[in-house]
Amino acid sequence: MMATFAAMALPMVYGEWLDMQPKTQTVLLPKELEGEFTRVSIKTRQGWNLACWMATSRNGGTVVLLHGYRQNRLHILPEARLLSKNGFGTLLCDSRAHGESEGPYITYGREEAKDLLDILDWLNAQGTRDSAKIAAYGFSMGAVALVLAAAEDNRISSLALASAPSSLYELCWDEGGIFPWIKAPIKLFILQLMGIDPYSISLQTKISKISPRPILLIHGGRDTAVPRGRMQQVFSSAAEPKELLVLPESAHGDFYRSETDLYATRLVEFYKKTLNIL
């Protein structure tokens, strides 16, 4: 029995450890967007270079976009293109240890939140000094980093949080699949081994600190990675002003493919309203 358990558990342990240290990969901007987006590099205070694309604002507002776990900036490029077409400046970066960005390993939002503060510093240095005109979008792990950063820093004036987990601890159980009683403890063990406390990374306990800045929570009705109940926990914990957009046909992050019009309309309207863009 123990030998069977070990045979199942050891590959999972090794796999989880590798997952947190993905290999660098080339991320290419589509050629048709080369005139719209500029490649920039932002150095964090910890010394890591973040690979980014930026589109210049034409309406005075800027949105920083953060992707999810083991993704890269291509996954949030549709949102960046949408906002850019509507006049917003957009800045989207590969998170540390993702895509072309440097960094030793993924920390599920803990250190990524600090990197976001460095991104805001960089924006200020470029002349984006009106904090009332800087907003942000975070998907999944990106939403975690965004909430952790915004809870401590008020330069982000409004937040859209897509497929946001309630906490890292609960996410480990939610992603456990058909063997959560094996996979979740392994995941929790690896996280703590890497110095990440899964009990302290919680949107549910941090999100109320963002008020009175507006929040838009976006969730897919078919999301199994972050169940709808978790989203409701986060939404209930958030203070006003807050909005909720549930896309019934969407899973975990396929909003643009499944319900393009509703998603795009609400996202643009939210940023125009909260950044006071006429």
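Proline 212 sits in the loop between α7 and β7 (215-220). Helices here are DSSP runs of H or I with at least four residues, strands are runs of E with at least two, and both are numbered from the N terminus. The model is predicted: local features need pLDDT of at least 70, side-chain atom pairs count only at pLDDT 80 or more, and totals for chains, interfaces and linings use all residues. Residues are numbered from 1 along each chain as its sequence is written, and side-chain values use heavy atoms, with hydrogens and water left out.

Start with the backbone at that proline. The peptide bond from serine 211 to proline 212 is cis, with omega near 10°. A cis bond also runs from glutamate 240 to proline 241, with omega near 0°. Proline 241 belongs to the loop between α8 (228-237) and β8 (242-247).

Positive phi values come next. Alanine 97 is not a glycine, yet its phi is positive, near 65°. Alanine 97 is in the loop between β4 (89-93) and α3. Its relative accessibility is 6%, so alanine 97 counts as buried. Buried means under 20% relative accessible area, exposed means over 50%, and partly exposed lies in between, with a 1.4 Å probe and protein chains only. Serine 140 also has a positive phi, about 55°, without being a glycine. Serine 140 occupies the loop between β5 and α4. With a relative accessible area of 11%, serine 140 is buried.

How many residues of helix α4 (residues 141-150) are buried? Ten of the ten are, so α4 is largely enclosed by the rest of the structure. The buried residues run through Met141, Gly142, Ala143, Val144, Ala145, Leu146, Val147, Leu148, Ala149 and Ala150. The cover over them includes the strands β3 (62-66), β5 (134-139) and β6 (159-162). It also includes the helices α3 (110-125) and α7 (203-206). Contact here means heavy atoms within 4.5 Å.

Helix α10 (residues 260-274) is arranged by faces. α10 has 15 residues and reaches 21 Å from its first C-alpha to its last, close to the 21 Å expected at 1.5 Å a residue. The expected span is 1.5 Å times one less than the number of residues. Buried in α10 are Tyr263, Ala264, Leu267, Val268, Phe270, Tyr271 and Thr274. They cover an arc of only 155° around the axis, which puts them on the same side of α10. The arc is that of the directions from the helix axis to the C-beta atoms. An α-helix has 3.6 residues a turn, so residues three or four places apart point the same way. The face of α10 turned away from the buried side carries the exposed residues Asp261 and Lys273. After α10 comes asparagine 276, with a positive phi near 60°.

On a 1 Å grid over the protein atoms alone, a cavity is a set of points where a 1.4 Å probe fits but cannot get out. A pocket is an open set with protein on both sides within 12 Å along at least five of seven lines, and lining residues have an atom within 4 Å of a point. Grid points are joined across faces, edges and corners, and a volume is the space filled by probe spheres set on the points.

The largest pocket holds about 230 Å³ of space. Its lining has 13 residues, with His75, Glu79, Gly253, Asp254 and Arg257 nearest the centre. Elements giving two or more residues to this lining are α2 (77-85), β5 and α9 (255-258). α9 gives the most, with three residues.

The second largest pocket has a volume of about 190 Å³. It is lined by 17 residues, of which Tyr69, Ser140, Met141, Leu171 and Glu175 lie nearest its centre. Two or more lining residues come from each of α4 and α5 (168-174).

There is one cavity of 30 Å³ or more. About 90 Å³ of space lies in the largest cavity. Of its 13 lining residues, Leu66, Ser95, Glu112, Asp115 and Ile119 lie nearest the centre. α3 and α4 each supply at least two lining residues. The largest share, four residues, comes from α3.
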